[in-house]
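Visitor: I would like to learn how to read a few features of a protein model. Please take them one by one.

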Amino acid sequence: MSPTFESPLAQPEIPREIALAEGLVRLGHAEFRPGQREAIEGLLDHDRLLLVAPTGGGKSLCYQLPALMLPGTAVVVSPLIALMRDQVDALERQGIEATFLASTLEPGEMARRLDALEAGQLQLIYVAPERLVFPRFREILRRIDCPLFAIDEAHCISEWGHDFRPEYLEIGRVLAEHPQARVLACTATATPYVRDEIIGRLGLPADTPQIVRGFARPNLALRVQEVERAAERRRSVDGVLGEALGEPGSGRGCAIIYGPTRKSTEAERDRLAGRGWRCESYHAGLTGERREEVHAAFADGTLEIVVATNAFGMGIDRADVRAVLHLAPPGSIEAYYQEVGRAGRDGEPAVGLMLVG
């Protein structure tokens with residue numbers, strides 16, 4: 001057995017109340033958001049939990065804080081490299097030992113991070129679901145102490161869900177190799193059918209506790225507008241951007257515009273860039289490197305607007321998205337909720353506009 005990471009908050013003599021308070025401060029927060037403490041204590045008490053909470057509701061704290069309270073290395077499965085990098089960077093700024101594994105790493109760097117995992121030097125490790133099939137990674141997990149597995153965007157495991165990822169099906173087999181570990185499955189949107197499928201495919205007991213928080217986002221003004229001509233659509237988009245962001249370069253936040261096709265995103269990108277907006281398109285036709293560049297530029301505030309297909313957005317952690325616009329309806333109510341929910345994560349007013357023809 002490799003050495004176990006010994007967190008100062010994982011000592012058995014530290015009362016839970018103190019560990020929770022100290023962990024909250026260590027992660028850079030002054031207080032819990034609604035439902036966070038209930039979820040953390042539910043996970044610690046019952047070892048299994050399915051958490052459905054609104055986009056922007058702070059689900060990541062619900063596994064990061066328990067990871068600080070438990071000895072060993074917590075494993076977080078996440079579908080987005082940019083999200084993993086953002087969260088690891090934030091943890092490292094707080095002095096927390098964390099890293100991520102993804103296909104973008106050079107072989108030497110991948111080996112170095114796996115060595116750190118095997119040596120028990122990490123409190124959290126984030127992994128893409130594709131990593132779960134690699135024999136060395138699985139072997140290391142079997143040798144070290146893994147007290148917690150957190151599955152982010154857990155709806156990706158469901159064929160009923162709008163973001164089904166076949167790679168997520170491997171998670172249940174990994175969990176079966178760690179029957180003593182706590183398991184937290186998180187998502188922002190899941191119907192009862194999807195929740196049942198998440199629990200079943202992860203191999204969790206049917207009576208696994210579920211916390212399903214309300215979906216109301218009172219700071220979002222949701223609008224639907226019927227348009228018949230391209231000129232109408234352009235006026236509607238420009239009107240909402242002016243309302244939400246003001247003029248280009250005004251520094252009032254950012255916007256996401258969802259288009260139904262790659263071609264539509266590029267055309268709208270060109271139009272808005274011509275009007276002076278710092279704007280880029282994002283879709284699955286771009287190289288992985290280019291998608292990461294656009295994601296990073298949006299996350300750090302370089303871009304004001306991203307015009308994208310539904311390939312963009314899962315894991316977006318920018319609080320000042322003042323508007324989310326859909327040039328056409330998305331494929332499902334669940335997809336719309338997930339996408340429009342990226343607006344107003346700071347609690348301030350934001351607009352969601354969906355155009356229909």
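Visitor: Is glutamate 153 buried or exposed?
Guide: Buried means under 20% relative accessible area, exposed means over 50%, and partly exposed is in between, with a 1.4 Å probe and protein chains only. Glutamate 153 has 10% relative accessibility and so counts as buried. This is a predicted model, where local features need pLDDT of at least 70, side-chain atom pairs count only at pLDDT 80 or more, and totals for chains, interfaces and linings use all residues. Residues are numbered from 1 along each chain as its sequence is written, and side-chain values use heavy atoms, with hydrogens and water left out.

Visitor: Where is glutamate 153 placed?
Guide: Helices (H or I, at least four residues) and strands (E, at least two) are DSSP runs, numbered from the N terminus. Glutamate 153 is in the loop between strand 5 and helix 7. Its phi is near 50 degrees, a positive value in a residue other than glycine.

Visitor: What is phi of aspartate 47?
Guide: Aspartate 47 has phi near 70 degrees, again positive in a residue other than glycine. It lies in the loop between helix 2 (36-46) and strand 1 (48-52). With 32% relative accessibility, aspartate 47 counts as partly exposed.

Visitor: How many cavities does a search of the whole structure find?
Guide: On a 1 Å grid over the protein atoms alone, a cavity is a set of points where a 1.4 Å probe fits but cannot get out; lining residues have an atom within 4 Å of a point. Grid points are joined across faces, edges and corners, and a volume is the space filled by probe spheres set on the points. The search finds 2 cavities of 30 Å³ or more.

Visitor: Which residues line the second largest cavity?
Guide: The lining consists of Val77, Leu132, Phe149, Ile151, Ile171, Val174 and Leu175.

Visitor: Which ring does arginine 131 lie over?
Guide: A charge sits over a ring if NZ of Lys or CZ of Arg is within 6 Å of the ring centre and within 35 degrees of the ring normal. Arginine 131 lies over the face of phenylalanine 134, at 3.8 Å from the ring centre. Arginine 113 lies over the face of phenylalanine 100, at 4.7 Å.

Visitor: What share of the residues of the protein chain count as buried?
Guide: Of the 357 residues, 54% count as buried. Leucine 325, in strand 12 (residues 321-326), is buried with a relative accessible area of 1%. Its C-alpha is 8.4 Å from that of valine 240, 85 residues apart along the chain. Leucine 91, in helix 4 (residues 81-93), is buried at 3%.

Conventions:
On a 1 Å grid over the protein atoms alone, a cavity is a set of points where a 1.4 Å probe fits but cannot get out, and a pocket is an open set with protein on both sides within 12 Å along at least five of seven lines; lining residues have an atom within 4 Å of a point.
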